[in-house]
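Please find below a colleague's note on the structure under review. The numbered points treat helix packing, backbone geometry, pockets and cavities in turn.

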Amino acid sequence: MKLTRIIFVAILLSSSSFLYAQPIIVKADNPTATIQPTMWGIFFEDINFAADGGLYAELVKNRSFEFAAPMMGWTLQQQTPNTGTVLVTNRLGTDSSNPRYIRVTRNTETGNFGLTNEGFRGMGIKQNEQYNFSVLAKPESGNITLHVQLVDSTGKSFGESQSINISGNNWQQYKTSFTATGTALKAKMSVWFEGKGVADLDMISLFPQHTWKERPNGLRADLVQLLADMKPGFIRFPGGCIVEGRELATRYQWKKTVGPVEDRKVIVNRWNTEFAHRPTPDYFQSFGLGFYEYFQLAEDIGASPLPILNCGMACQFNTAEVVDTTQLDPYIQDALDLIEFANGDASTKWGHLREVMGHPAPFNLKLMGVGNEQWGPQYIERYKIFTRAIKSKYPNIQLVNSVGPSPDGDMFNFLNDTLRALHADILDEHYYQSPSWFQNHATRYDNYDRNGPKIFAGEYAAQSVATVSPLNKNNWLCALSEAAFMTGLERNADVVKMASYAPLFAHVDGWQWTPDLIWFNNLNSYGTPDYYVQKLFSDNKGSNEVAILMNNEALKGKDSLYASACTDAASNELVLKIVNTSSQPVSKQINIDSKKKADAKATITMLQSSNLDAVNSIESPQNISPQTNEIDVKGKQLSLTLSPYSFTIVRVKML
Ligand code: AHR
């Protein structure tokens, strides 16, 4: 070997062993920031069948015949022509929220006659579970009875109800329950009519008895459980672009989502037609999961509500329609009334409605978003009017404001500068970027103004291919890159107060947008690797940020390491989060700089895969999921080997 080569190898070896030898120091007694209880939260939007067909456990699609094609989802069943007829009838003049119903006529007492509903890409039915059927009905003439039957994809029956006689003189609800004798992923429900006569029907509904907290007509228990397991600090709701609508007429209006479900006006879901490559013509919003259910869900899982309201602007990617600024009053009133609905006492109009719906106590709303992903001077104009109105009546409500769809560029800079000059409370930043962007921007907030508005990383997700590409995957590279980035959010917890991955849910057969945090079919659900990253950050939130240093510098990408550290006042633990984005293991000694003693054992929880393309799936939901072990702590030192492509959490009790 030539002398120069020997010298080169010697330098390389000594420098790498020097790096190897550099301990990581944690300044455990010197808090640098308070971590808000709201730090890690959830973004909910009705996209990808997140509400109807997803979280909202209703199994019947188009239960009130309000889809654009009134019988979409329903098939008429009769062996002999003219056994009966179904007529879609409209009473718009007397009921503008739920105008349509069907008139069923049976002409003869013989022969099968019925309607079959296909559900949301089928109905998920579980053996031995109880199903609750209900219908609003009114007899017109003769004598009609009905019964309900579940059939699997081969047409085999596996559950049937007793008959219900449609009697009485007016509209009333009829109910029956039965137990499924089999399990099916894509079942259908048939309603069979017997007798001879005419009856009007509406709100034909089937729910599992087993829902979240066993609430009648409630939410799908497995999906809420996945959310509850995240221990989210907040839930942003209802989006997302759905807040805005493609045009103002189809914007989200919270007042139309509360009160009796039959009075909640069904409208098209904006994701129905958004992507030519993923058309979803049967995507509508029933609002069975409306604002009351949202507040209740947030309360159930200990999250602060964060509603986002339309500010008189439709989606700027679509029509960009705006309300004239002189005509914003109804929009502003909606915002003020929502605060009253959440917090007002029973003597107020909207507080009274909350009480009538079953929740006399306030929901303790403290945050509200004005507009979703808006931009341009037209947003600033409307922001000023909204802020003045809301702050003058409710000075303690913190407002979240948009800085547009991108994390940089002219649009961002304009909004960022203007909203900072106007002393906005919280800026909502969105980034749908490549995995490398996430790794490279772990330093994003290091130089933000510490005295300016706080930051809400309101929508983010690493895109394995490109934003809105249907080929994006929730793979390990994306999740690992988000973990690296999130150490930067936590390190800057004095500026970043909240963060949420987006979107949240996707039905495997009904999605429009990928990647998404949680995927499900009609029976099962799973968290992606990104889900476990979010969950681990939230589970290990801590209360005070402390410095974690190597060579006196924060770990933010050098040697492929990213880290943040905090103390947890409730458990007296020191919590470290370390991401190794390299393909090699890294061995490190960690020294805890503290006056306290450390426990002799530490808990290590690791999320790891040597395959950056690895994903979780319905078949393999835990492929990438956290594994927990214990290691020894010697004095205040730990020796850690960080696996290749790993995210490691260390918890040490300080005594
Ligand atoms: O999360 C999907 C969409 O991305 C949201 O609706 C919108 O706010 C953003 O453009």
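1. Helix H3 passes H4 in a right-handed crossing. In this predicted model, the axes of H3 and H4 come within 11 Å and cross at roughly 50 degrees. The two helices H3 and H4 are therefore oblique to each other.

2. Helix H4 also packs with helix H5, which covers residues 349-356. The angle for H4 and H5 is about 45 degrees, and their axes are 7 Å apart. H4 and H5 are therefore classed as oblique to each other. The crossing in which H4 passes H5 is right-handed.

3. A further packing partner of H4 (residues 329-343) is helix H6 (residues 377-393). Here the angle is about 30 degrees and the axes lie 10 Å apart. Angles under 35 degrees count as roughly parallel, and H4 and H6 are therefore described as roughly parallel to each other. H4 passes H6, too, in a right-handed crossing.

4. Which residues does a cis peptide bond join with omega of about 10 degrees? They are Gly 239 and Gly 240. Gly 240 is placed in the loop between strand S13 (234-237) and strand S14 (267-268). The peptide bond from Thr 514 to Pro 515 is likewise cis, and its omega is near 10 degrees. Pro 515 belongs to the loop between strand S22 (505-507) and strand S23 (518-520).

5. Phe 49 is not a glycine, yet its phi is positive, at about 70 degrees. This residue, Phe 49, sits in the loop between strand S2 (42-43) and strand S3 (74-78).

6. The largest pocket has a volume of about 570 Å³. Its lining consists of 28 residues, and those nearest the centre are Tyr 56, Pro 216, Asn 217, Val 261 and Glu 293. Two or more lining residues are given by each of strand S8 (130-151), strand S11 (172-179), strand S12 (184-208) and helix H3 (291-300). The largest share of this lining, 4 residues, comes from H3.

7. By class, the lining of the largest pocket holds 13 nonpolar, 8 polar and 7 charged residues. At least three residues of the lining are drawn from each of domain 2 (42-57 + 218-524) and domain 3 (74-208).

8. The second largest pocket holds about 380 Å³ of space. It is lined by 18 residues, and Thr 38, Ser 304, Asn 364, Lys 366 and Leu 367 are the closest to its centre. The elements that supply two or more residues to this lining are H3, strand S16 (304-309) and strand S21 (496-501). Which element gives the largest share of the lining of the second largest pocket? That element is H3, with 3 residues. By class, this lining contains 9 nonpolar, 5 polar and 4 charged residues.

9. How many cavities of 30 Å³ or more does a search of the whole structure find? The search finds 4. The largest cavity contains about 180 Å³ of space. Its lining has 23 residues, with Asp 52, Asn 62, Arg 63, Val 266 and Ser 286 the closest to its centre. The lining of the largest cavity divides into 8 nonpolar, 7 polar and 8 charged residues.

10. Why does the largest cavity lie between domain 2 and domain 3? Both domain 2 (42-57 + 218-524) and domain 3 (74-208) give residues to its lining, so the largest cavity is placed between them. The largest pocket likewise draws at least three lining residues from each of domain 2 and domain 3.

11. A last point concerns helix H3. H3 gives the largest share of the lining of the largest pocket, and H3 also gives the largest share of the lining of the second largest pocket.

Conventions. Residues numbered from 1 in each chain as written. Predicted model: local features only at pLDDT ≥ 70, side-chain atom pairs only at ≥ 80, totals over all residues. Heavy atoms only, no water. 1 Å grid on protein atoms, 1.4 Å probe; cavity = no way out; pocket = protein on both sides within 12 Å on 5 of 7 lines; lining within 4 Å. Points joined across faces, edges and corners; volume = space filled by probe spheres on them. Nonpolar A, V, L, I, M, F, W, Y, C, P; charged D, E, K, R; others polar. Domains from an automatic or database assignment. Axes fitted to C-alpha atoms, helices over the stretch in contact; angles between N-to-C directions. Parallel < 35°, antiparallel > 145°, perpendicular 65-115°, else oblique. Left-handed = near helix turned anticlockwise from the far one by under 90°.
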